[in-house]
2 protein chains.
Amino acid sequence: VETLATTRADCVALDAADPLGPKRGAFELPPDVVYLDGNSLGPPPRLARERVQQLLDREWGTGLVRSWNDAGWIEAPLRVGEKIARLIGAAPGEVVVADSTTVNVFKLLSAALALRAGRRVIVMREGEFPTDGYVTQGLAAMTGAELRCVAATDLEVALDADVAAFCVSHVDYRTGEMLDLHRLTDAAHRVGALAMWDLCHSAGAVPLDLTAAGVDLAVGCGYKYLNGGPGAPAFCMVATSHHERLQQPLSGWMGHAAPFAFEQGYRPGTGITRLLSGTPAVLGIAGLEAGVDAWQGVDMVAVRAKSLALAELCVTLVDQRCSGLGIEVVTPREAARRGSQVSLRFADAYPLGRALIARGVIGDFRPPDILRVGLTPLYMRYVDIYDAVEAIHDVLTSGVWRRPEYAVRTVVT
Amino acid sequence: VETLATTRADCVALDAADPLGPKRGAFELPPDVVYLDGNSLGPPPRLARERVQQLLDREWGTGLVRSWNDAGWIEAPLRVGEKIARLIGAAPGEVVVADSTTVNVFKLLSAALALRAGRRVIVMREGEFPTDGYVTQGLAAMTGAELRCVAATDLEVALDADVAAFCVSHVDYRTGEMLDLHRLTDAAHRVGALAMWDLCHSAGAVPLDLTAAGVDLAVGCGYKYLNGGPGAPAFCMVATSHHERLQQPLSGWMGHAAPFAFEQGYRPGTGITRLLSGTPAVLGIAGLEAGVDAWQGVDMVAVRAKSLALAELCVTLVDQRCSGLGIEVVTPREAARRGSQVSLRFADAYPLGRALIARGVIGDFRPPDILRVGLTPLYMRYVDIYDAVEAIHDVLTSGVWRRPEYAVRTVVT
């Protein structure tokens, strides 16, 4: 019933009753902004400033090189990995923070090809987030692996005894559609292939239980729903059962069994540590840890419930207020099939998005015609959705989005 | 003459007359520390705190996702690369900031194998910094490339028509020995191979003119002499002449010709940008840019002159004060053959190093028996060297280094 609220007062009441409402205070958000883009870059958790300050002053400044030991810098990739493991339902020791999603896709698909030696096919979906495809194209060119790209609906059919692994986003970055992680993981296993999930739009967005699903490999992003800061390091997950035979070609000193013995030959470290390559990005990890710590004590079931309520509200309001204005909801209306975003289609979505940003309503554009509304229950209010849809209505009905300045492309869309 | 100073008063006088002396004020150093480890982790430049603060508050906090355009985040890898290019004598457009040294070695050696298709040998030196070797072993296992490891003195002999490239540290991390960059680059070119230099202990340490030397490829570290902060991103350099045919397998969206067009096929961007893989580590790059900016207006010739004077002072004092104590200088005594460190050999260098750290004299240990004294003329004083050698003398003569607690290994040596 609460999701049928259509007045602003109703939304204010929903916010007042929201058990996650107080969590908004853990984030720094400008007062004049409706932020719909936490699925692209989460806002700073208040903890981040304090942590980074401490890192600069006490750890880097006073401790200097001693802080590798004394401030726990060297353990940070595993320590923060453990915290992320709890958020995504992975077991202790299965997650490590390292590099970028792109580099981690390369590492894990290389590992998959080694774990399934003799199989050369990697299955991906058409319309996958580009960097996953680009780096897999690079890997395929280097190794002779074959890339099999199919529509999302054909993923199961594409799996056969030649497939080493699939690598697929759990939630589609454009439409917000969520695939059935359990079902596709099972389908991979039935043909002896590995299931590798890109969780960039899932971690911190939807409840996950990778262990229960039997997921083999996963990568994910630190700067979206985890609020780790711009360009925060990414994470990798590998199921414990694969640790013993795990190998990957970006074998750097931090993945060595004894990094500070300075041996000449590579000896892989135990378990997930062998996914580490170079020196950990301490500053970036500090931001990420602050972001992940903001999730402490948060019930993911409550987050999902609010996310679905925000989505219902958004869909309902768009249907009511924007009918006949050329804009439509493309995210599946079935709750179980969507992640934590609502995507709107509008032929001129780019200038519409710019006009909204000029009003302080910050979503983002994805080509060719998608305007995304990221749903981030830790700090998003029901009134934010209300105000956003009102802004869309006003910008569309007034025609202000047609101003020439909004058509001028920025570097980053 | 000034390098023969042997009293503390002489050193104080040298500091007072040092044209680089005032630069020390640009760094935050604890008052009770003699810092000899700037070749492992440089101290924070004062600019870093201000920049990172601004990034957290105004850019990430207020600007949010808009800062990719408005605060120049998206251009940061190239912008900071340009600044590093000036420090290492590379041309504009030849340097970009990305990932870690380890990951960059993988990218550039992959690129070298592609640029020299048909050649499968990579030449490295024995005793190379481990991560370079480890990741090249990973690359070799993946591609069938052959790794030819030889003593530093045999590098020229090891070059033949099968060699795609050598990858060698310009300055040895243990001994501080500097190789002849021009001569070895020429030797590679004579057999049609590429010269790839690891500049981790050269950038910001010694004058470099990569263009004049005809260097093809280079990688380097942001957190040592460049003072970019713990785990700061690394950099890659590729000579312009190779840009057109440049390709590397970690082909991510930031290396795409149009990252925000979200195309499905990889189209490499122009020039050096195709070495970018994932989303840039904005927080880490901000620290690095502060470090690099602290080099503005600094004359590298003056830095080298002071580095050599500090080295002479260190060698002279160790000879005078520590003779008969079992410690010896292993860095070449010939100025042209050393980088910006003095390495001391002592059978029990590990506990000696710990005992020195307990006294606030922070150098580092490299197995099996090396104590390193990094020379960092931007903030190091002649009295630091004096005090360090006195501390070594005292710790050795008193036998305090034999205390059992100093033998206990820390995680990071």
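User: Which residue of chain B forms a salt bridge with Asp57(A)?
Analyst: Asp57(A) pairs with Arg49(B), and their closest N and O atoms are 3.3 Å apart. A salt bridge here is a side-chain nitrogen of Lys or Arg within 4 Å of a carboxyl oxygen of Asp or Glu. This is a predicted model, in which local features need pLDDT of at least 70, side-chain atom pairs count only at pLDDT 80 or more, and totals for chains, interfaces and linings use all residues. Residues are numbered from 1 along each chain as its sequence is written, chains are lettered from A and ligands numbered from 1 in the order in which they are written, and side-chain values use heavy atoms, with hydrogens and water left out.

User: How many salt bridges are there between chain A and chain B?
Analyst: The count is two.

User: And how many residues does each chain bring to the contact?
Analyst: Chain A and chain B each bring 84 residues, contact meaning heavy atoms within 4.5 Å. Trp60(A), Tyr134(A) and Phe262(A) supply 12% of the area that chain A buries against chain B, more than any other three residues. Buried area is the accessible area (1.4 Å probe) that two parts lose on being put together, summed over both.

User: What is the total, then?
Analyst: The two chains bury about 7,000 Å² between them, with 69% of it on carbon and sulfur atoms.

User: Changing topic: is H12(B) covered or open?
Analyst: H12(B), residues 349–358, is mostly covered, with eight of its 10 residues buried, that is, under 20% relative accessible area (1.4 Å probe, protein chains only). Helices are DSSP runs of H or I, at least four residues, and strands are runs of E, at least two, numbered from the N terminus.

User: What covers the buried residues of H12(B)?
Analyst: The cover includes strands S11, S12 and S13 and helix H13 of chain B.

Key. Buried < 20%, exposed > 50% of the residue type's maximum accessible area, 1.4 Å probe, protein only.
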